[in-house]
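Trainee: Could we go through this one together before I write it up? I'd like to start with how exposure is judged and then work inwards.
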Amino acid sequence: MKQQIMTVASDTKTPGTDESSDVSTITAPASPTKKPPVILVAGAQVLAAGNCEPLPVPVQSLLPHIIIDLGTDADAPPLAMSCVVDTGASLTTGNFFYCSYIAKRFPQTVSKVYTSENYAPISLSGVVQTDGVAVTTKLPVAFEFHMPYLTIDGSPTNLLVACGPQVSVNIILGVHFVSASGMTIDFVDNVADCRKPASWPSNLSPSSP
């Protein structure tokens, strides 16, 4: 059984300041002309109203991330991608522009692409409602990426991500991924333990603090 260090990082940057934290990025061999896009993610801000103190409710703005490799064993080196782990997300989802960049820049990582020409888009709703109607966005495209991991019976693994242009997070690993990989999350030691894959690479490392 192998364990993976889990990093807890914020995906926010305050406009007009130099204070920023890690965002979900991809790591690959450097290109002399192109740089991977960086997508900033809005976080929760607690602001005092007038002279009142904010509500005494803890707000956790630091999000748990793990590094996932994309590609196959034949790829050298694999593409390392930082992903948010969210056990409250009903599916694995991501930003369309981020995932399409990966697919175009690193086509060897792509297994399949599903579009609205052959499939109905997924409606993604959150906990926020306006006038009784949930705030909803459409996910019209899904990218299926190769991963260099094997299941217990030796089968290859893929990462399937439903994408939309209005998703504000690069990649969120939802509860299906967490369940399928047998992941347990330890917030005391910041460790994500994936028990089902038979081969989990030893080169996984936390993103920079």
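Mentor: Then take the cut-offs before anything else: a residue counts as buried under 20% relative accessible area, as exposed over 50%, and as partly exposed in between. Keep in mind throughout that this is a predicted model.

Trainee: OK, so where does Asn 190 fall, buried or exposed or in between?
Mentor: Asn 190 has a relative accessible area of 27%, so it is classed as partly exposed. This residue is found in the loop between strand S13 (183-186) and S14, and its phi is near 55°, a positive value in a residue other than glycine.

Trainee: What about Thr 72, where is that found?
Mentor: Thr 72 is in the loop between S4 and S5, and because its relative accessible area is 29%, Thr 72 is also partly exposed. Leaving aside neighbours within four places in sequence, Thr 72 is in contact with His 146 and Pro 148.

Trainee: Stepping back, what does the secondary structure come to?
Mentor: It comes to 2 helices and 14 strands. Of the 209 residues of the protein, 37% count as buried, and the accessible surface comes to about 12,500 Å², of which 57% belongs to carbon and sulfur atoms. Among contacts between residues at least 6 apart in sequence, 68% join residues at least 24 apart.

Trainee: And the largest nonpolar core, how many residues has it, and which have the most contacts inside it?
Mentor: The largest nonpolar core has 29 residues, and those with the most contacts inside it are Ile 68, Leu 70 and Leu 173. Several elements each supply at least two residues of this core, among them strand S4 (63-70), helix H1 (96-105), strand S10 (141-150) and helix H2 (175-180). As background, nonpolar side chains tend to be buried together in soluble globular proteins.

Trainee: Which residues does Leu 70 touch?
Mentor: Not counting residues up to four places away in sequence, Leu 70 touches a set of residues that includes Met 81, Ile 102, Phe 145, Met 147 and Leu 159.

Trainee: Phe 145 then, which strand is it in, and is it buried or exposed?
Mentor: Phe 145 lies in strand S10, and with a relative accessibility of 0% it counts as buried. Apart from neighbours within four places in sequence, its contacts include Leu 70, Cys 99, Ile 102, Ala 103, Val 110 and Val 161. Ser 111 is another of the residues in contact with Phe 145, and the C-alpha atoms of these two, 34 residues apart along the chain, are separated by 5.2 Å.

Trainee: Changing topic, what volume has the largest pocket, and which residues are closest to its centre?
Mentor: The largest pocket has a volume of about 590 Å³. Of the 19 residues that line this pocket, the closest to its centre are Leu 124, Ser 125, Gly 126, Val 127 and Val 135.

Trainee: Which strand gives the most to that lining?
Mentor: S8 gives the most, with 5 residues, and strand S8 (122-130) and strand S9 (133-139) each supply at least two residues of the lining. By class, the lining has 9 nonpolar, 9 polar and 1 charged residues.

How values were computed: Residues are numbered from 1 along each chain as its sequence is written. This is a predicted model: local features need pLDDT of at least 70, side-chain atom pairs count only at pLDDT 80 or more; totals for chains, interfaces and linings use all residues. Side-chain values use heavy atoms; hydrogens and water are left out. On a 1 Å grid over the protein atoms alone, a cavity is a set of points where a 1.4 Å probe fits but cannot get out, and a pocket is an open set with protein on both sides within 12 Å along at least five of seven lines; lining residues have an atom within 4 Å of a point. Grid points are joined across faces, edges and corners, and a volume is the space filled by probe spheres set on the points. Helices (H or I, at least four residues) and strands (E, at least two) are DSSP runs, numbered from the N terminus. Ala, Val, Leu, Ile, Met, Phe, Trp, Tyr, Cys and Pro count as nonpolar, Asp, Glu, Lys and Arg as charged, and the others, Gly among them, as polar. A nonpolar core is a set of buried Ala, Val, Leu, Ile, Met, Phe, Trp, Tyr and Cys residues joined through side-chain atoms within 4.5 Å. Buried means under 20% relative accessible area, exposed over 50%, partly exposed in between (1.4 Å probe, protein chains only). Contact means heavy atoms within 4.5 Å. Accessible areas come from the Shrake-Rupley method with a 1.4 Å probe; for residues, only the protein chains shown count as cover.
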